[in-house]
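Let's take a walk through this structure together, one part after another. Have the viewer open as you read.

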Amino acid sequence: MENFVTGILINGLLIGTLYAIIALGYTMVYGVLQLINFAHSEVFLTGGVVAFEIFRVLSPAPGAEPGTGMNPYLVFAVALVTAIVVCGALNIVIERLAYRPLRNAPKLVPLISAIGVSLILQDVIKLLEGFQGRFQLAVNVPGAFTRTVFTVADTNVKGIDLTLLIVAAVMLFGLNRLVNHSRVGRAIRAVAQDRVTAGLMGIDSNRMISLTFLIGGALGGVGGVLFALKFPNLDPYSGTIPGIKAFSAAVLGGIGSIPGAVLGGLVLGIIENFLGSLSGLVFIFPKLAFLGAIKAEYKDVGAFIALIVILIFKPSGLLGRNATEKV
Amino acid sequence: MSALLSKAAAGSVLSVKALTKTFGGLLAVNAVDLEVPRASIVSVIGPNGAGKTTFFNMITGIYEPDAGSIELDGRDLVGLRPDQVTKAGIARTFQNIRLFASMTAEENILVGRHPRLKAGYVDALLRTRKFREDEESAHEAAGVLLDFVGLKRQAQELSTSLPYGDQRRLEIARALATNPKVILLDEPAAGMNPRETENLKALIRSVRDELGVTVVLIEHDMRLVMTLSEYITVLDYGTKIAEGLPHVVRSDAKVMEAYLGRGAAAGEYGKQQSGTDGVAHV
Amino acid sequence: MKKLGLSTLTLGALSLGVLALGSANAATVIKIASMSPLTGSSSDLGLQIRNATELAIRDNKSAFTALGFDLQFVAYDDQADPTTGTANARRIAADNSILAMVGTLNSGVVIPSSEVLAPSHVAIVSPANTNPKVTDRGLANMNRICARDDSQGPAGADYLVSTLKAKRVYVLNDKTPYGQGLADAAEAFMKTKSATIVASEGTEEKSDFSSIIGKIKASKADAIYFGGLYGQVGPFSKQLREAGVSIPVMGGDGYDSPDLLSLAGAGAKDIYFTTVAPPLTAVPAARVLSSRYNAAYKKPLAGFGIMGYDSAKVVISGVLSAIKANGNKLPTRTQVETAIRGTKLSAGLLTGAIDFNSVGDRTSAKMYIIQVKNSAAGKLDFSTAGTVTVKSSKQ
Amino acid sequence: MTASLLRPKKAGPDAPDRTLWLVAYTLLTGLLLFWGSGRLDPGTKFNSVVLSFVFAAFLGSLLLAYQWRANGAVKVLVGVFVLIFVVPDIGRGNGSFFDLAIQMCIFAALALGLNIVVGQAGLLDLGYVAFFAVGAYLWGIFGSGQFQGIVKSDLPFVPLGVGDWLIPLLLTLAGVAGYLWMKAIDRAHPGSLKPRGGQRAARAFSVLLIVIGVVGILVLVATLINAAITSHYNGQPAALSALASGINPNFFWLFIILAVAVAAIAGVLIGLPVLKLKGDYLAIVTLGLGEVIRVFANNLTKYTSGPQGISGVTTAPVSLLDKLAGALGFPPEQFKLFFLYFLVLLVIGVVITVNVRLSRSNIGRAWVAIREDEIAAQAMGVPLVRTKIMAFATGASFAGVMGVIFAAKQQFISPESFTFFQSISVLTMVILGGMGNIAGVILGAAVVTLLNLSILTALSETLQALPNFNSNLDPAKYNRLIFGAILVLMMLFRPEGLLPSARQKIMMHENDDTDPALDSLNDDGAIGGALGTGAPGMPDVTSPGQATSAENTPIDRTGGRQ
């Protein structure tokens, strides 16, 4: 029985961390522009595709004997840096072209534009990979990441899992330092609070918003690399589902709050894994046969229903503050 | 003074008792009472941040008070939604104008008629007689109200294209469209030039005289307040520091201190500007 | 006035431009269409069918020019969506030069589309629609060369239970008509045998299978039947093996693609699947086709490509025999439809002899049981673990 | 010319009378269409791309009839000529135009429904296709052999055990008790004495009881209906076998009305819990609910036979109309298309009338008011939740009716038709056409359907005929790219849509003049999102959740003359 429960917790924690990293990208952009950046799911996927290309080129082919080719951690570092640069730049370009001109339009307009950008990026990725004859991308993950480092109650914890947690911790610490304890962070928070007054205080809000998109894109890129290594199968359309789940996590935690995004991601990850494994209890406690009905196909639905229930009883999310209401 | 109070209480259309509201630690409104006699014009004044708008928002149901009661003709309104409060008979305007931008002046007023229209969803679908009569009466009422506030010609113009003064008057007309017993005006004279303020004064008087609607006014323009109001209540830091007839309130020490600060209350400024047009040349 | 003049002007230009395009060319045109998803997440499989059909048509163009016909190919994208499928079917019915069609991938698309094409007798040969309902309706224009769910499922299940001696089977499906149809048929068959079904559930998950793997471990199953496609089963097997579960995974022709090996990596070991398409190693002609396909489309040939190629060959031979029967003149669609239904073809086909029964199912098909294991070169590859001859129930 | 055609102003009184030009345009394009589709002389046929454009241009005459100032009778004549005579005749020759015309009407009705929710009431619903699915499955189940399958699986009839109806009854009673308890708590705490601590928890618990009660009622009703049906067919093999192809097809007409009610109820049930949320939150939650319904359709195999879908869906027998179609030379297989085409035209007419009447009533004004500024609307006596529910239910009922017709047309329905991408394409139609404007939304639906089902397919057909054409460049493979590009470009350059309503144009360009960096006071960018556009000069309503919440001290404007 304890194997079963630890399995749920560990896997829930890992997928939850991934959702949290992606959710940070949504929360940063939402905090500044009050915009659901639908395109973020494709920016995150671009990070994954970058990782696929880097590992395909630099790291040794699967068949080659061990020890040849670059050190896997070096390749991983190269992939991270490339993803941060590519996705950060992509996010800035998206903001510059598709969101900035619509800054003053009614809220619905930039939202629709974001949906449009996400559809465009899906097919652009398909076009780029299609020309090289690829649709289903199998990421060439080096052994160092797939090797089981240790086993906790029958659940193998692999190299990528540890890297995932370390990178997430480092990023969270860095983000916290940047946003809460630095001049730039204060400027971003000022623009998030009140763009007009921030402008009056001499803050160039356009530059701050671009910077936020850079950070959001970088977070998405890193999330994409880690996702690609943990689940090494991508296709041009596989960004949508994790994207929607990550945004639900951000909303669950309280949109606009960074710790909220992390908490929301972890909670969603564990809820999802719990619902997905629930019917497994039948094998341990045959008496609970009725649980067999809650099959795996209801896993994603369960996560959505959890989001809706929480939003109804605590509309600003777990850690979010009730926003102000000037009348 | 208290005699006036008790007589008014008997005939008061709106009586607010011990209304309190706190935001976190901040005590925004502290157990304020207000008696509004029927068909009267009363004002609630006080320096910025005194809690006037919060007080208004509690009466109109936008915020729920922490304590106290609000009775309109004996019916307690606390806990009602803003649209139920409007239906009960209290209409309001806003500190910053909140007209419906993409609607014409007439349409704005027609929205005000919404709580008074009987025709429902099915009536609109089938265009029943009840629906047609409703629409006719609504358009008629809109016409009357537009004429009342002198905007007859601009009926089909978009509300955003009207000059500032007209927009204010349109907002008042829209509030009147809900057939209120009491109308709450939140700084209607803000940003108005002297000529517009004079027109506004005439309009507010005719609202009370011709339509018999009780007016409760929040305003900083002391000349307007002093000449219009029959009764004034002064709030400072959420508590009522004075109330009474205009000339009584004007010379009240606590009021001057609230507006002009301690020195003024001691009479330094009082002497040079004790002109007839009121105390607070803030 | 200026505005009006302009609009009439452009319309005039439009109509003049039309004349150039619309002129009839010398040889009468015969078109063969293909319909499969070219967009969306299953476009990889849809393209296999489209490209293989194009290749087959290119190979047989000379046979038609000899008889004075210009054989052309036109591909339609149904976006795996029934509405688009029926709209395309109407366009095909309206274009009289199209005599027959190869397609589709999704049963949900072919059922309504075939009903639209039935009155105009446009024959369809399907490489991949395995849902029994497709031919049970008894349409004259609906044929298929792939095995039905209720024959492919039991074939795989029988191998799992009798050869691999599975006792506790965990059944999974991918919630698509293909995957669920196959899994249900296999499950029904296994229930009649001695195996117990420990659980049967569907999942649309494509990346994190940890919760299902946890259940499989808890259920102590000794075999898995997963009705689904390689894009999902590959990562599933990879994570399954990495979690220390080495029990066999059995499925249908949806696994048949080199991508299964790349996606599953080391986890591909002991994956079995049933397919009508021969493994490249077994049939030399298949290797030749695979190299030509790779050259033309820079993509490896997968099982659906082989099925698409054979479906196109059946359509082409049907049209040719209809032409001959009609004295080398352009045959009507009905003649092509009856010719295709009456196909008796064995030469030049990769999936063995093909002939159809009264409702368009393949009377008998040789199914290969493919196993993924270490080949001589030490690399995991497909190898034939057995063959089963599957007969269709109706005659 | 194209610029003027693309931005046709609703012709003002001074615009020239263009009756003659309208007739000339219609006849010219009609002639081209006849000639192009081989109706004149079967030999020459236009290339399919040109033919699609000619067909679009011909339908354009309807748009011009609407926009141009011309003699009223001529306008109606053009409408009748195009819709009643030419399109069916062209359809007889080439079935694909008939199917296209029907599909355009179906999507137009869906767009009109979504337009009420998004365009008029300003509630961004990303799960709208769920109501389309409700209508489609409603007729799909009863209009096909599926219903017989369900009844058979329930037979032999086991009279309801006490537990079967007692438990849901108890739940319902618990719900009622919860409601009374909640009311008691409210009465005990009039007005300002808000329930604290224990009482507050008790009130939350009573709300939970109410939710359980609602579930109880639904289960109770379902069990009773199920029992009634099963007992009716228990031991009547004749009646059961009659169900082979579904209930008596004449019920089709009843089910169109029923679909309105069922979809409206679904709209209310989905709307109630989520309507307190604002803009972006509402978008995500409705997206989630749309997916929930698709997954249920995919998994309740006993009723919807899951991914296998339901085939053999019948439609109402209309022997009279079939005889007419036969007389007009229609081949028998097109009789159903002929009937559905005129049915769809009729339903579109009803939908447009309902739409116009509602928008010209106090309900329509209330919708626009809550889209503009919820706080002001509520202050004017407009009940927020009830008005929004009406918008949701109206939009849902349009989709429900069209779902029934879609099931009859396709004769086969499966969850694949009701994906998130479908909701997005209906949204694209509303945005492209012109949010809030009935004629604009119909134009948007026509353009998107033509583009997706006709022009793009024709383009890819023609391109493939070209020698050595690289299949990677085939446009049909990138319709998402094209959809996405339409959305972005429209939002950047013409957010009010192709055919904007005057109201929408103002809202979209309210503060175009200000530099995006230092935008106007209109948007103070406080945390939390809202869809409210806010009247000019007014801080945006920003609460993501409850309307009333903690107030931070407002920046009081220093009043009076300084």
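The paragraphs below go from chain B to chain C and end with chain D.

A word on conventions: this is a predicted model, in which local features need pLDDT of at least 70, side-chain atom pairs count only at pLDDT 80 or more, and totals for chains, interfaces and linings use all residues. Residues are numbered from 1 along each chain as its sequence is written, chains are lettered from A and ligands numbered from 1 in the order in which they are written, and side-chain values use heavy atoms, with hydrogens and water left out.

Start with chain B, which splits into domain 1 (1–34 + 57–79) and domain 2 (89–245); such bounds come from an automatic or database domain assignment. The C-alpha centres of the two domains of chain B are 22 Å apart. Contact, meaning heavy atoms within 4.5 Å, involves 19 residues of domain 1 and 17 residues of domain 2 in chain B. Together these domains of chain B bury about 1,400 Å², with 72% of it on carbon and sulfur atoms; buried area is the accessible area (1.4 Å probe) that two parts lose on being put together, summed over both. On the domain 1 side of chain B, α1 (2–10), β1 (12–23), β2 (26–37) and α2 (52–59) each supply at least two residues, helices (H or I, at least four residues) and strands (E, at least two) being DSSP runs numbered from the N terminus. Of these, β2(B) gives the most, with 7 residues.

Now turn to chain C, where the assignment gives domain 1 (29–147 + 282–362) and domain 2 (150–275 + 368–391). Here the C-alpha centres are separated by 29 Å, and the contact takes 13 residues from domain 1 of chain C and 15 residues from domain 2. The buried area between these domains of chain C is about 1,100 Å², to which carbon and sulfur atoms give 61%. On the side of domain 1 of chain C that touches domain 2, the elements giving two or more residues are α2 (43–66) and α12 (303–325).

Finally, chain D has 22 helices and 2 strands. Of its 562 residues, 58% are buried, that is, under 20% relative accessible area (1.4 Å probe, protein chains only). Is S460(D) buried or exposed? S460(D) counts as buried because its relative accessible area is 2%. Leaving aside neighbours within four places in sequence, S460(D) is in contact with A75(C), D474(D), P475(D) and A476(D).

Methods
Buried means under 20% relative accessible area, exposed over 50%, partly exposed in between (1.4 Å probe, protein chains only).
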